[in-house]
Amino acid sequence: MKMRYFSFLMFLMLGVYAFAQKDVTQFLGIPVDGTKTEMVQKLKAKGFKYNSTYDWLEGEFNGREVVLLIATNNNKVWRVAVRDKWTMDETNIKIRYNDLCRQFAKNEKYCSLNDNPLLSEEENIGYEMLVNNKRYESAYFQSPKTISTLSEEERQEMLSATGLHEKDLDSLSAKSLDDLTDVFVGYLGENYWSKKMVWFMIDGEGVEYRIVIFYDNEYNHADGEDL
């Protein structure tokens, strides 16, 4: 059993790159990928309105009026930025920031990269941002899929990429499969799904502030290839 388990794990690692690349960051269920034109059309289908004057989309997200800005690299979308349409004062931005931290913390789709991002009531963000150039942000990555949550199509695709067959999974005990899933997910989270970044920050405009949330597909982000 140990040798079969080890061999199975090695096959998974060999084939994991082809599978992982297809699991990219999503915004409202839409992969942050493809061309900007394609992304705009998909977002319009979700109810957002395109503003040609500013080249952004407008609508509602998570109970707020927002604008969406799309960033590309080599004609591929790598970021969707969700910016609050309206600014607010320091007291309210701290409440909004902390509310978002709690919402992400309880959402099983995300793994936090922060220890304790909540802001205290005593935090003087206006002073810190203006004088000390402090940036207030909280970062996450969208959780990887486990073997048990894969669709039948994805399951077969992963097995095909690794050169395995369904019987290889069936021959493993429930505990071995659970252990394998933990290792598999941990490996992917560290090496691949960190490419599925979602983070937000406080953007300051004088004494007024707003939140900007970034949905980043790091696979499409520039990495010096054009230098």
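Me: Why is Leu28 called partly exposed?

Reply: This is a predicted model, in which local features need pLDDT of at least 70, side-chain atom pairs count only at pLDDT 80 or more, and totals for chains, interfaces and linings use all residues. Residues are numbered from 1 along each chain as its sequence is written, and side-chain values use heavy atoms, with hydrogens and water left out. Buried means under 20% relative accessible area, exposed over 50%, and partly exposed in between (1.4 Å probe, protein chains only). Leu28 has a relative accessible area of 35%, and is therefore partly exposed. Leu28 is found in the loop between β1 (26–27) and β2 (30–31), strands being DSSP runs of E of at least two residues, numbered from the N terminus.

Me: What makes Asn74 count as exposed?

Reply: Asn74 has a relative accessibility of 53%, so it counts as exposed. Asn74 lies in the loop between β5 and β6 and has a positive phi of about 55 degrees although it is not a glycine.

Me: Which residues line the largest cavity, and what makes them lining residues?

Reply: On a 1 Å grid over the protein atoms alone, a cavity is a set of points where a 1.4 Å probe fits but cannot get out, and lining residues have an atom within 4 Å of a point. For the largest cavity these are Phe61, Asn62, Arg64, Val66, Val82, Asp84, Arg96, Ile211 and Ile213. The elements that give two or more residues to this lining are β5 (64–73), β6 (76–84) and β10 (208–217).

Key:
On a 1 Å grid over the protein atoms alone, a cavity is a set of points where a 1.4 Å probe fits but cannot get out, and a pocket is an open set with protein on both sides within 12 Å along at least five of seven lines; lining residues have an atom within 4 Å of a point. Helices (H or I, at least four residues) and strands (E, at least two) are DSSP runs, numbered from the N terminus.
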